[in-house]
Amino acid sequence: IFMGDSGSMFVGLTIVWLMVDYTQGENASMRPITAVWIIGLPLMDMAAIMYRRAKKGQSVLRPDRQHLHNIFMRAGLSSRRSLAAILLMGCGYSAIGILGELLLVPEYIMF
């Protein structure tokens with residue numbers, strides 16, 4: 001699905017808005033660290049790309065083909081297998097966060 005920059009930014013803003021809403025206030029649904037684990041994979045992908053670009057002396061806002069799905073596809077995975085791998089990894093990150101929330105693992109350990 002092609003969303004373009006505006007579409008992907010809107011989806012990202014909506015997800016972050018919901019995560020902030022669910023983790024703040026008197027009736028918070030979860031701890032902030034749980035939200036970080038739930039959106040951990042896209043955050044790590046973004047941080048890794050920004051680090052690589054900055055290390056090369058390039059603008060961190062410059063587009064390239066170094067995202068996780070591009071790396072998987074260059075490694076020989078089809079687009080469907082790349083999607084399945086990324087979904088599996090995302091579910092793993094989310095499971096760690098949700099289990100930590102349910103088992104009341106202290107935030108300093110979850111971080």
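**Exercise 1. Find which helix gives the largest share of the nonpolar patch, and list the patch residues.**

Solution. 
- Step 1. Helix H3, residues 40–55, supplies the largest share of the nonpolar patch: three residues. The model is a predicted one.
- Step 2. The members of this surface patch are Val36, Leu43, Met46, Met50, Val60 and Leu61.
- Step 3. Together they have about 510 Å² of accessible area.

**Exercise 2. Decide whether Ser94 is buried or exposed, then name its contacts beyond four places in sequence.**

Solution. 
- Step 1. Locate Ser94: this residue belongs to helix H5, residues 79–102.
- Step 2. The relative accessible area of Ser94 is 17%, so Ser94 is buried. The cut-off for buried is under 20%.
- Step 3. Set aside neighbours within four places in sequence. Ser94 is then in contact with Trp37 and Ile38.

**Exercise 3. Describe the largest pocket: its volume, its lining and the elements that contribute.**

Solution. 
- Step 1. The volume of the largest pocket is about 2,100 Å³.
- Step 2. Its lining counts 44 residues, and those closest to the centre are Met3, Ser8, Asp45, His67 and His69.
- Step 3. Two or more lining residues come from each of helix H1 (4–23), helix H2 (32–38), H3, H4 and H5.

Key. Residues numbered from 1 in each chain as written. Predicted model: local features only at pLDDT ≥ 70, side-chain atom pairs only at ≥ 80, totals over all residues. Heavy atoms only, no water. Patch = residues over 30% accessible without salt bridge, like charges linked within 9 Å, V, L, I, M, F, W, Y side chains within 5 Å. Areas by Shrake-Rupley, 256 points an atom, 1.4 Å probe, with all protein chains shown as cover. Salt bridge = Lys/Arg side-chain N within 4 Å of Asp/Glu carboxyl O. Helix = DSSP H or I, 4+ residues; strand = E, 2+ residues; numbered from the N terminus. Buried < 20%, exposed > 50% of the residue type's maximum accessible area, 1.4 Å probe, protein only. Contact = heavy atoms within 4.5 Å. 1 Å grid on protein atoms, 1.4 Å probe; cavity = no way out; pocket = protein on both sides within 12 Å on 5 of 7 lines; lining within 4 Å. Points joined across faces, edges and corners; volume = space filled by probe spheres on them.
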